[in-house]
Amino acid sequence: MDSILMDDPWAVDPAGFADCHGSGARLRFLLNYAVLAPSGHNTQPWLFRLRGDDLLELRADRSRALPVVDPADRALTISCGAALANLRHAAAALGEALEVTVLPDPGDRDLLAAIRGLGPCPAAPASARLLRAITARRTTRFAFAPDPVPEPLRVEAIAAAEEAGAARLHWFDAPARRHALAALVAEGDRIQMADPAFRHELSAWMRSRRGAGRDGLSGAAFGMPDLFTFAAALVVRTFDMGAGQAARDQELAEGSPALAVLATPGDTPRDWIATGEALQRTLLAVTAGGFTASFLNQSIEVASLRPRLAAELGEPGVPQILLRIGRGPRPIAAVRRPVREVLREAEA
Ligand SMILES: Cc1cc2nc3c(=O)[nH]c(=O)nc-3n(C[C@H](O)[C@H](O)[C@H](O)COP(=O)(O)O)c2cc1C
């Protein structure tokens with residue numbers, strides 16, 4: 001098992017798949033890709049259970065919930081949906097047929113998907129570049145260059161998001177429309193940062209990359225030395241810096257060539273899993289096209305602002321994720337827990 005499961009999943013080498021014999025080994029290998037998905041505050045709120053040799057369960061790990069910013073576990077479920085998309089892409093690229101059932105058991109709300117390994121199949125050539133994008137993707141919180149997102153990439157990102165049919169990606173590149181969204185982001189910052197419970201929860205997930213936990217947010221993700229993370233967490237916990245944060249985020253949003261909102265018809269766990277899959281497919285298309293993205297979800301997380309963001313869509317839809325998209329410097333990869341820490345094995 002140790003040759004299949006990396007200590008650092010970012011170092012996964014697709015050539016290792018050929019050494020995996022049996023469905024169980026192949027599914028374990030594919031999990032190295034699943035855990036590279038983005039997650040709110042880098043909580044990595046997923047658990048996998050392998051039943052027998054070919055049935056893999058994707059389960060919500062609610063011990064990693066963020067009750068203040070994400071009281072319904074909406075972002076938690078979206079993060080798990082993104083992990084599911086990585087699993088599907090990696091399986092398609094490496095040649096493993098999967099049968100996926102989303103929310104298979106109404107009596108078990110933590111069971112988000114049942115994934116059966118059906119054995120080897122021809123690898124899909126188009127998926128190879130998306131497989132490389134899984135390990136190349138980063139959340140980039142720095143300012144983006146003003147160069148516009150090329151039209152073919154915009155079309156590809158929207159098609160990628162909408163592939164499964166449930167979520168829609170709304171694209172905002174006209175300055176006036178970006179301005180309206182940026183103003184909502186700033187308002188969200190001021191409301192969130194004024195709340196000591198929000199700041200306390202955020203600071204609790206700020207930790208050095210060197211920590212044993214292999215999760216959470218390092219200062220490095222925000223352009224500061226990793227060593228400063230502890231001090232930064234103390235500052236976040238203690239002071240309301242909402243005004244400064246709002247000004248910074250507004251500038252980042254207005255200065256990005258495109259903003260994009262993922263929206264769904266409803267607001268149920270099924271919509272959230274679909275959002276996570278659409279999110280990850282969008283991020284992989286953007287990455288493969290040489291661009292990057294980061295999240296500005298404040299106006300979705302603050303309940304009073306969400307209907308105002310919805311009104312900006314110009315058609316019915318529940319906003320789930322707000323991204324800014326552009327070209328930017330590539331940050332160091334955020335830490336990940338190895339698969340062995342998130343995988344349980346059970347009898348069939
Ligand atoms: C559902 C979801 C919500 C997120 N919300 C935010 C956010 O509001 N602000 C932010 O800077 N990053 C946000 N992120 C990005 C995570 O912080 C990031 O994925 C995590 O730190 C791991 O880093 P990586 O994406 O570079 O691997 C979000 C990610 C997901 C999946």
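# From strand pairing to the ligand shell

In strand 4, leucine 58 has alanine 113 as its bridge partner. Residues are numbered from 1 along each chain as its sequence is written. The model is predicted, so that local features need pLDDT of at least 70 and side-chain atom pairs count only at pLDDT 80 or more, while totals for chains, interfaces and linings use all residues. Helices (H or I, at least four residues) and strands (E, at least two) are DSSP runs, numbered from the N terminus.

Two strands pair if DSSP finds at least two bridges between them. The open sheet concerned has five strands in the order 3-4-2-1-9, with mixed pairing. Strand 3 (96-102) and strand 9 (343-346) each have a single partner strand and stand at the edges, so one side of each is left without a neighbour in the sheet. On average, and with direction ignored, neighbouring strands of this sheet are turned by 25° against each other. Helix 1 (residues 23-34) packs on the sheet and touches strand 1 (46-51), strand 2, strand 3, strand 4 and strand 9. The direction of helix 1 makes about 125° with that of strand 4. Here axes are lines fitted to C-alpha atoms, for helices over the stretch in contact, and angles run from 0 to 180 degrees between N-to-C directions. Two residues are in contact if their C-beta atoms, placed from the backbone, lie within 7 Å.

A further open sheet is formed by four strands in the order 5-6-8-7, with antiparallel pairing. Its edge strands are strand 5 (168-172) and strand 7, each of which pairs on one side only. Neighbouring strands of this sheet are turned by 30° against each other on average, direction ignored. Strand 5 and strand 6 (residues 258-264) run antiparallel and are joined by five bridges; the bridge partner of histidine 170 in strand 6 is valine 261. Helix 11 (residues 306-313) lies across strand 5, strand 6 and strand 8 (318-326), running at about 70° to strand 8.

The chain is divided into domain 1 (9-137) and domain 2 (151-194 + 240-326), with bounds that come from an automatic or database domain assignment. Taken over C-alpha atoms, the centres of domain 1 and domain 2 are separated by 23 Å. In the contact between them, 22 residues of domain 1 meet 18 residues of domain 2. On the side of domain 1 that touches domain 2, the elements giving two or more residues are helix 2 and helix 3, and helix 2 gives the most, with eleven residues. That side divides into 14 nonpolar, five polar and three charged residues. Ala, Val, Leu, Ile, Met, Phe, Trp, Tyr, Cys and Pro count as nonpolar, Asp, Glu, Lys and Arg as charged, and the others, Gly among them, as polar.

Two packed helices are described by the angle between their axes and the distance between the axes. The axes of helix 3 (residues 127-136) and helix 9 (residues 269-288) come within 8 Å and cross at roughly 95°. That makes helix 3 roughly perpendicular to helix 9, a term for angles of 65 to 115 degrees. Arg129, Leu130, Ala133, Ile134 and Ala136 in helix 3 meet Leu284, Thr287 and Ala288 in helix 9. By class, this contact has six nonpolar, one polar and one charged residues.

The ligand is surrounded by 17 residues, the closest being Pro38, Asn42, Thr139, Phe295 and Ala334; a residue is near a molecule if its C-beta atom, placed from the backbone, lies within 6 Å of it. Helix 2 (74-94) and strand 7 (292-295) are the elements that give two or more residues to this shell. Helix 2 gives the most, with four residues. Domain 1 and domain 2 each supply at least three residues of the shell, which divides into seven nonpolar, eight polar and two charged residues.

Note on methods
Angles under 35 degrees count as roughly parallel, over 145 as roughly antiparallel, 65 to 115 as roughly perpendicular and the rest as oblique.
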